[in-house]
Amino acid sequence: MGRQRTYQVPTLSPKEQALLQAISADDRESELRRRRAQIYLLAAAGWSNTEIARKLAITCVTVIEHLKLCQNQSVLQAMTTLPRPGRRYKISSAARHWVRTVYEGQAAGSLRPKRWTMRSLHAYITAQAQAQGFPELAHVCLATIWHIVHPGTKPTA
């Protein structure tokens, strides 16, 4: 016997169940929407998160995240809240050039040590970004700095 399900799917009315079955069987629906309908149907039928994950070839975390959406709203409302694709983070070419010049020690007044570590370069870039006129770099992650300084290469683990 598995663990008690943390997030319960509300009981489905016959109308909701018929609609979810229609969505899960419709080839014109998106893959994500069909999968979400299948998750709700299987959970309402009493399947455990692990069994649902195995049947649909997804992770248990995915099942739980989809079931969380039903906590504060109905199943039909949860079906309409599909995740939206994010916008790609944009860093201007001038900001990229400034990062490279700081790294190479050509920036005016740069406090370049003998060699930058990625952590020290990241700390310097994020601290000085606003003052230099590059607000997009104020919260940039270390990996992004690495990719700017080493274009076209993959970081080693």
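Predicted model: local features only at pLDDT ≥ 70, side-chain atom pairs only at ≥ 80, totals over all residues.
Q: What makes up the secondary structure of the protein chain?
A: The protein chain contains 8 helices and 0 strands. Read from the N terminus, its elements run α-α-α-α-α-α-α-α.

Q: Why is Ala 53 called buried?
A: Buried means under 20% relative accessible area. Ala 53 has a relative accessibility of 5%, so this residue counts as buried. Ala 53 is found in helix α3. Across the protein chain, buried residues make up 32% of the 157 residues.

Q: Which residues does Ala 53 touch, not counting those up to four places away in sequence?
A: Ala 53 touches Ile 58, Thr 59, Cys 60 and Val 63. Val 63 lies 10 residues from Ala 53 along the chain, and the C-alpha atoms of the two are separated by 6.5 Å. Seen from the other partner, and leaving aside neighbours within four places in sequence, Val 63 is in contact with Ile 39, Asn 49, Ile 52, Ala 53 and Ile 58.

Q: Which members of the largest nonpolar core touch the most other members?
A: That core has 20 residues, and Leu 20, Ile 39, Tyr 40, Ile 52, Val 63, Leu 67 and Val 75 touch the most other members. At least two residues of this core come from each of α1 (14-25), α2 (31-44), α3 (49-56), α4 (60-68) and α5 (75-80). The largest share, 6 residues, is supplied by α2. Another core lies apart from this one; it has 19 residues, including Val 99, Met 118, Tyr 124 and Ala 138.

Q: How do α2 and α3 pack, and what residues meet there?
A: The helices α2 and α3 pack at an angle of about 140°, and their axes are 10 Å apart. The crossing in which α2 passes α3 is right-handed. From α2, Arg 35, Gln 38, Ile 39, Leu 42 and Ala 43 meet Ile 52, Lys 55 and Leu 56 of α3.

Q: What span is expected of helix α6, and what does the model give?
A: The expected span is 1.5 Å times one less than the number of residues. Helix α6 (residues 93-104) has 12 residues, for which 16 Å is expected. From its first C-alpha to its last, α6 reaches 16 Å, close to that expectation. Just after α6, Gly 105 takes a positive phi of about 80°.

Q: Which residues of α6 are buried, and how do you know where they lie around the helix?
A: The buried residues of α6 are Ala 95, Trp 98, Val 99, Thr 101 and Val 102. Seen down the axis of α6, they fall within an arc of 165°, so they line one face of the helix. These buried residues pack against α7 (118-132) and α8 (142-149).

Q: What places the buried residues of α8 where they are around its axis?
A: In α8, the buried residues are Ile 145, Trp 146, Ile 148 and Val 149. Around the axis they cover an arc of only 160°, and therefore they are on the same side of α8. The buried residues of α8 pack against α6 and α7.

Q: What share of the contacts with a separation of 6 or more joins residues 24 or more positions apart?
A: In the protein chain, such residues account for 55% of those contacts.

Conventions
Residues numbered from 1 in each chain as written. Heavy atoms only, no water. Core = buried A, V, L, I, M, F, W, Y, C linked by side-chain atoms within 4.5 Å. Buried < 20%, exposed > 50% of the residue type's maximum accessible area, 1.4 Å probe, protein only. Helix = DSSP H or I, 4+ residues; strand = E, 2+ residues; numbered from the N terminus. Contact = heavy atoms within 4.5 Å. Arc of directions from axis to C-beta. Axes fitted to C-alpha atoms, helices over the stretch in contact; angles between N-to-C directions. Left-handed = near helix turned anticlockwise from the far one by under 90°.
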